[in-house]
2 protein chains.
Amino acid sequence: MRALMFEGGRRTLADLPRPEPTGECLIRVRLAGICGTDLQLLDGYADFAGVPGHEFVGTVESVSRPEDERWIGRRVVGEINVGCGECPRCRSGLKEHCGRRSVLGIRGRPGAFAEYVSLPADNLHTVPPHVDDETAVFAEPVAAACRILEQVRLDGGARVAVLGDGRLGLLAAQVLRHAGATVRVLGRHAQKIQTGRALDLDAALDDGAAPAEPYEIVVEATGRPAGLPRALALVRPRGTVVLKSTFHGEAPLELWPAVVHEVSIVGSRCGPFAPALALLASGAVRVAPLVQGVYALDDHDEAFRVAARGLKVLLKP
Amino acid sequence: MRALMFEGGRRTLADLPRPEPTGECLIRVRLAGICGTDLQLLDGYADFAGVPGHEFVGTVESVSRPEDERWIGRRVVGEINVGCGECPRCRSGLKEHCGRRSVLGIRGRPGAFAEYVSLPADNLHTVPPHVDDETAVFAEPVAAACRILEQVRLDGGARVAVLGDGRLGLLAAQVLRHAGATVRVLGRHAQKIQTGRALDLDAALDDGAAPAEPYEIVVEATGRPAGLPRALALVRPRGTVVLKSTFHGEAPLELWPAVVHEVSIVGSRCGPFAPALALLASGAVRVAPLVQGVYALDDHDEAFRVAARGLKVLLKP
């Protein structure tokens with residue numbers, strides 16, 4: 001099968017054997033999304049080498065266990081963490097934090113920038129028929145945004161700033177708004193701010209000034225080292241910064257403001273797929289304005305060029 | 001009155017006018033404690049210039065409001081934050097986070113390394129008669145340790161590492177142990193580790209290795225930039241790092257582990273005096289082994305020399 005590979009900061013197309021999953025399902029990838037993390041992987045994050053891609057929608061083509069046969073032919077999205085199934089964390093339902101886990105397209109498991117991908121049936125979620133592929137492919141990042149709702153309390157319509165006008169920022173802002181928060185997106189890119197406004201979000205260029213009224217919650221989704229210091233300048237005493245950015249290397253950080261203002265900085269990664277699919281199905285989270293192109297694997301140079309500067313770019317293997 | 005002053009990294013003795021408090025109480029300082037923050041102030045933290053000192057026990061000598069007369073002659077300790085009394089934070093009881101607050105010996109208010117100090121009666125707590133001065137002077141740092149109990153849940157005897165074998169670390173470890181946690185102190189100083197063991201604490205030199213089992217909660221009380229990265233290496237996924245260290249300048253930090261492991265980093269500052277005094281009064285928190293000397297203001301050179309390397313040093317103005 002054809003697949004895109006990352007190694008040593010280079011992207012190449014390869015012809016690889018189709019996965020022959022044991023105990024898992026073989027899924028034909030219909031669409032895959034390029035995420036900020038994929039760009040970070042190219043940049044050295046997680047020492048990644050292999051087939052990336054962890055946002056996808058596909059069709060189950062075959063299964064290796066009789067009990068999974070009902071999945072054949074279903075259109076699915078998939079959770080990306082596969083735990084060992086045996087450790088205390090897996091047994092308590094925390095496969096996302098299994099020390100021996102593999103992560104689709106990120107750690108020890110080939111990803112979805114390929115014609116086929118393999119995942120256990122337990123990781124799969126059926127896509128409702130009226131949700132099209134270009135919407136369903138957002139299930140993983142919307143789930144990551146839904147994770148925030150499990151981590152912070154939005155009592156009485158909290159004032160939230162989403163720092164970052166990129167893919168994740170514009171999804172998180174919609175998820176938080178739907179949950180009752182008063183959300184403001186602060187970004188650095190006039191065009192992405194316009195996209196935010198097209199989604200009826202309160203979005204503005206971040207002027208770097210102290211806010212008139214600091215925010216109860218700041219979601220840091222800039223993908224840049226400067227994001228956390230700026231978030232700490234925007235959050236109110238005893239407020240919460242939700243940290244979404246992962247990037248390679250160290251960031252210089254002045255820590256005492258977090259201590260003096262007793263801020264909580266909460267790392268936030270993968271989230272629940274069921275509410276994400278529901279938000280996509282109901283239209284509460286809209287994704288069409290974010291899509292800047294659908295490319296064949298052959299056109300990966302152009303796809304990644306657009307993804308590096310723009311919003312969501314999709315690959316159609 | 002005689003007072004110690006910090007300015008531009010220098011310590012000098014000065015003869016200052018006695019405070020003439022309006023709406024506050026005049027307190028004769030019986031004993032004051034040198035805290036890690038005082039050493040940081042000398043090092044440039046908070047751009048401080050003036051009389052430092054925020055840990056004290058004293059006797060109320062006079063008051064400026066008739067309704068405060070009952071305080072005269074009482075032996076007291078004092079909360080260090082004085083809010084404006086008018087802003088929403090003050091009105092909701094959060095004077096510690098009033099934007100216009102003064103902080104005893106730290107921000108806009110002369111501190112306790114002097115013969116007299118002034119504080120509002122609302123900030124004062126009477127010391128029980130059987131608690132001696134050398135114990136009562138620890139009320140403020142023990143209160144700061146008690147703040148942790150308001151911020152984390154210690155369900156079912158949580159496993160906690162206290163990182164740092166200094167003044168605050170050995171107090172926090174005792175407070176957390178009393179609250180039901182299983183506590184291990186990890187430090188860098190053989191002698192301080194011995195003091196921890198004299199307090200019946202499980203204390204050991206930190207070998208820098210990955211822990212056999214990561215901790216649910218890590219209290220970062222090292223006062224050093226290397227503390228938070230080490231805390232992030234000790235805490236389990238979805239665990240909590242309580243950040244106590246304030247120091248001048250930036251620290252390089254690799255942030256992605258906090259995101260990938262979904263760690264919460266919680267800034268923690270001042271805490272409640274009533275439970276602190278109760279812990280000191282009952283002997284649940286023992287402080288005598290921490291005291292390494294009591295010095296007159298005249299001997300501040302020697303006092304600060306000892307404090308820079310040792311545990312608690314007291315000043316007797």
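Q: Which residue stands opposite A:Ile265 in β16(B)?

A: B:Ile265 stands opposite A:Ile265. This is a predicted model, in which local features need pLDDT of at least 70 and side-chain atom pairs count only at pLDDT 80 or more, while totals for chains, interfaces and linings use all residues. Residues are numbered from 1 along each chain as its sequence is written, chains are lettered from A and ligands numbered from 1 in the order in which they are written, and side-chain values use heavy atoms, with hydrogens and water left out.

Q: How many bridges join β16(A) to strand β16 of chain B?

A: Strands are DSSP runs (E, at least two residues) and helices likewise (H or I, at least four), numbered from the N terminus; two strands pair if DSSP finds at least two bridges between them. Here β16(A) and β16 (residues 264-267) of chain B run antiparallel and are joined by three bridges.

Q: How many residues does the contact take from chain A and from chain B?

A: Contact means heavy atoms within 4.5 Å. Chain A gives 38 residues and chain B gives 38 residues. Buried area is the accessible area (1.4 Å probe) that two parts lose on being put together, summed over both; for chain A and chain B this is about 3,300 Å², with 58% of it on carbon and sulfur atoms.

Q: How many salt bridges does the rule find across the interface of chain A and chain B?

A: A salt bridge is a side-chain nitrogen of Lys or Arg within 4 Å of a carboxyl oxygen of Asp or Glu. The rule finds two across this interface. One of them pairs A:Glu262 with B:Arg147, whose closest N and O atoms are 2.7 Å apart. Elements of chain A that each supply at least two residues to the side touching chain B include α4 (139-151) and β14 (235-243).

Q: Where in chain B do the salt-bridge partners B:Arg2 and B:Asp298 lie?

A: The side chains of B:Arg2 and B:Asp298 meet at 2.2 Å, N to O. B:Arg2 lies in β1 (residues 2-7), and B:Asp298 in the loop between β17 (291-296) and α10 (300-309), 296 residues apart.
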